[in-house]
Amino acid sequence: MAQRRWQEKAIQLTLVAMATTSLLVVVLIFLFLGKEAIPFLKDPGIARLLDRQWMPVSFQQEHFGLLPLLTGSLVVTLTATLITVPFSVLGAIYIAEIARPLEREFLKPFIELLASIPSVVLGFFGLVVLAPLVKALFGLPSGLNGLTGGLLLALMAIPTVISISEDAITSVPRHLKQASLALGASELQTILRVTVPAALPGIIAAVMLGMGRIVGETMVVMMVTGNAALVTLNPFQSVRTMTATIAAEMGEVSFGSIHYSALFCVGVVLMLVTFVLNLGAQRVLKRYGMMT
Amino acid sequence: MKNAGEGLTYLGLRLATYSVVLVIGYILADIIWHGIPALSWEFLSGPPRQSGAAGGILPAIVGTFYLVSGTLLVALPLGIGGALYLSEYATRNRLTMAIRLAISTLAGVPSIVFGLFGLGLFVIFCNFGASILAGALTLACMVLPTIIVACEEALLAVPQGLRSSSLALGATKWQAIRTNVLPYSLPGMLTGTILAIGRAAGETAPILLTAAAFFLPRLPGSIFDQVMALPYHLYILATQHPEAEKVRPMQYATALVLLLLVLGITMGATILRSRFRKKYRW
């Protein structure tokens, strides 16, 4: 009996330890990003990050200003969000409320298929098919710009946003809809004036989660945005995002150099931005009881 | 009863939905259409030649397979253990809340940040170098939250009655879990995990900094070797190759193989899951 009790205790302790791994990983992520970023903050100093240029390799003077990378990420994120929101919200309404059951059985998995296409494949498609199209359509010198990146990122975010928004719409209590219909509202009036407003917090949270995915996406933007570190908010210009900067430059720096440390600073900023977006989304979901 | 305005709104909703479907269909069709002619047995089973311009992609396929297996080996037990604790043992205390917060935080961390983390911890601090080991550990950290959530869902789907009846017969807590909960939730846990692993197979950013090598015609000999991997191979072929236009067929064929691999894993798991769901209906 004593042995059995001991055994039970041991199993429970093992499971606690395994569950705590996630906690450990999060702590280690902050620790190691910080550890590699701090040398930059100490030696060249944090003020160097406020520069207006990102030019980490130069014969005269290196610049490590985060501004062009921040505007780069902002341009593609805003472009992508502006494209994602209408398609996702309309799509979610259609799938949740209008589509026939058989149609829904096809639409849901098919759109989720989009979520499992590897980002590098989407980036390749963007490079070969979409960028030339954008170039020809808008008469630009190059199709590698913020807009092309934004379009592809929207494709990556749409399945996430649709499926969470759809959950939110489906979970609106039935009696709200029935009351509206009983008062003589048409089906469409009920959807647009009752169901969707009731599901709005969930839809907003879905968009925020989608934005978190967009900000953090690397391969697509690295392949199709042209990667010129310009301070611009024009989606028709080439931009360089934070993620692409890290991925493209980390392979070429020597460990422990200023540049290496600067890239970890970029990583910290990126981590904080996505952390805030995700936390915000979860707050919204929790406040309105849409998450268990 | 529907007036013209309503009809138009319905049309708009349907149009928005089906334009997304159309775009997905177009992407898939484009990759398949251009990829199939370049596929051959030699391409699938041979090493690359002329830095990827000719030959095959076998080392990249094998590399991705090693990375994915390593990820599974690390993440599956941790995920199942974590989920078991959260769903069966955890009480509402500080630790549980911290773990839940950590899981949702982890789920939102960008993949490139996992790459930085893996570089700092596994490659440099643990001195594994850029290797299969470092890459698999990094990917495991990345998929861990998804696996935990999937496993927890599978555990929650087992009716409470099965646990209590076992406990009522005098079983200890672990005995009840082992005999009455695990067998019924295992299929759900496995399929959920496979879905997460499918995503890991297509990820590029984390292995970019921790494991991948572009041109390595021989197969890896140990877990401390660098490897080629399908997503990274495609990225390099598409963007860094001096004659990107010329190797286009190779690019399309690599994209197709990667796409088929990831979609195959995902669809397989989805089909398995729906089958198990039908089998155990409480």
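**Close-up views of a predicted two-chain model**

**View 1. B:Arg163 is buried, with a relative accessible area of 9%.** Buried means under 20% relative accessible area, exposed over 50%, and partly exposed in between (1.4 Å probe, protein chains only). The model is predicted: local features need pLDDT of at least 70, side-chain atom pairs count only at pLDDT 80 or more, and totals for chains, interfaces and linings use all residues. Residues count from 1 along each chain as its sequence is written, chains are lettered from A and ligands numbered from 1 in the order written, and side-chain values use heavy atoms, without hydrogens or water. B:Arg163 meets B:Glu88 in a salt bridge of 2.8 Å, N to O. A salt bridge puts a side-chain nitrogen of Lys or Arg within 4 Å of a carboxyl oxygen of Asp or Glu. B:Arg163 sits in helix α7 (residues 160-168) of chain B and B:Glu88 in helix α3 (residues 58-89) of chain B, so the pair ties together parts 75 residues apart in sequence. B:Glu88 is buried as well, at a relative accessible area of 10%.

**View 2. A:Lys177 and A:Glu97 form a salt bridge.** Their closest N and O atoms are 3.2 Å apart. A:Lys177 belongs to helix α6 (residues 174-182) of chain A and A:Glu97 to helix α2 (residues 67-98) of chain A, so the pair ties together parts 80 residues apart in sequence. Helices (H or I, at least four residues) and strands (E, at least two) are DSSP runs, numbered from the N terminus. A:Lys177 is buried, with a relative accessible area of 19%. A:Glu97 also counts as buried, at 19% relative accessibility.

**View 3. A:Arg240 pairs with A:Glu249 in a salt bridge.** The closest N and O atoms are 2.7 Å apart. A:Arg240 is buried, and A:Glu249 is buried too. Over all chains, a search of the whole structure finds seven salt bridges.

**View 4. The second largest pocket is lined by 23 residues.** Nearest its centre lie A:Ala247, A:Ala248, A:Gly251, B:Leu208 and B:Tyr232. The elements that give two or more residues to this lining are α8 (219-224) and α9 (242-250) of chain A, with α9 (205-210) and α10 (230-239) of chain B. The most comes from α10(B), which gives four residues. The lining divides into 16 nonpolar residues, six polar and one charged. Nonpolar covers Ala, Val, Leu, Ile, Met, Phe, Trp, Tyr, Cys and Pro; charged covers Asp, Glu, Lys and Arg; the others, Gly among them, are polar. A pocket is an open set of points on a 1 Å grid over the protein atoms alone, where a 1.4 Å probe fits, with protein on both sides within 12 Å along at least five of seven lines; lining residues have an atom within 4 Å of a point.

**View 5. B:Gln50 lies in the loop between β1 (48-49) and β2 (54-55) of chain B.** B:Gln50 counts as exposed, at 56% relative accessibility. The C-alpha atoms of B:Gln50 and B:Ala38 are separated by 17 Å. Along the chain, these two residues are 12 residues apart.

**View 6. Chain A has 10 helices and two strands.** From the N terminus on, its elements run α-β-β-α-α-α-α-α-α-α-α-α. The C-alpha trace of chain A spans about 80 × 75 × 30 Å along its principal axes. Of the 292 residues in chain A, 54% are buried. One of the helices is α4 (residues 119-138), which holds A:Phe138. A:Phe138 counts as partly exposed, at 43% relative accessibility.
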